[in-house]
Amino acid sequence: MKVARRNLLLIACLVWSAAGFNILRIGILSYSMYLTPLNILLSVLVFTVFQYLVFGKLVRKHTARIQSYKEERQFFLKFFDVKSFLIMAIMMSGGIGLRASGIAPLRFIAVFYSGLGASLLIAGVLFGKNYVTAVKSSSALVDKL
C-alpha cells in the first residue's frame, strides 16, 4: 500500500481532477436555462475566489508537505493530511445535501458548481504539473549519476 513519494502527487492529481470534473459537469448541465453574462461573471468570480484563496494554496501546501517526506515510500492516502480529508468530507456532504434537499435553487447550482468545479479541476491539473516536475527532477538526478 506504499507508493513512491512523488506518486502521491499523481494520486492527488487524479482525485482532484475527478472531483472537479464531476462538479463542473453538474454545474454545466444545470446552466442551460441560466446562461447570462451576469451568471457567467459570477461563476468566474467563484472560480477566482476558490482558486486564489483555497485550492491554489492547498496545492502548494500539500506539494511541499509531500516533497518534505524523508522516506521515499509513503502510504498512498498520505496525499492528504487528516484536516484535508475532513474538509473534503464536509464539502461533499454539504454539496450532496444541498442538491438532494432542494434548498439551493438550480441557478445557484449552475453558477456555484461551475466555478467551484473549474477551480477543483485546475487544482488537479496543478498537482499533475507538480508530479511531472518531480518525475523530470528525479530523471535529471539519475542522468547525473
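I looked up which helix gives the most to the lining of the second largest pocket, and found H2, with eight residues. Helices here are DSSP runs (H or I, at least four residues), numbered from the N terminus. A pocket, on a 1 Å grid over the protein atoms alone, is an open set of points where a 1.4 Å probe fits, with protein on both sides within 12 Å along at least five of seven lines; lining residues have an atom within 4 Å of a point.

I noted that this is a predicted model: local features need pLDDT of at least 70, side-chain atom pairs count only at pLDDT 80 or more, and totals for linings use all residues. Residues are numbered from 1 along each chain, and side-chain values use heavy atoms, without hydrogens or water.

I then checked the space in the second largest pocket: about 210 Å³. A volume is the space filled by probe spheres set on the points, which are joined across faces, edges and corners. This pocket has 15 lining residues, and Val-54, Leu-58, His-62, Ser-84 and Ile-87 are the closest to its centre. Helix H2 (37–68) and H3 each give two or more residues to it.

Next I turned to the largest pocket, with a volume of about 420 Å³. Of its 18 lining residues, Ala-19, Ile-23, Met-91, Met-92 and Leu-120 are the closest to the centre. Which helix gives the most here? I found H3, with eight residues. Helix H1 (7–30), helix H3 (82–101) and helix H4 (106–144) each supply at least two.
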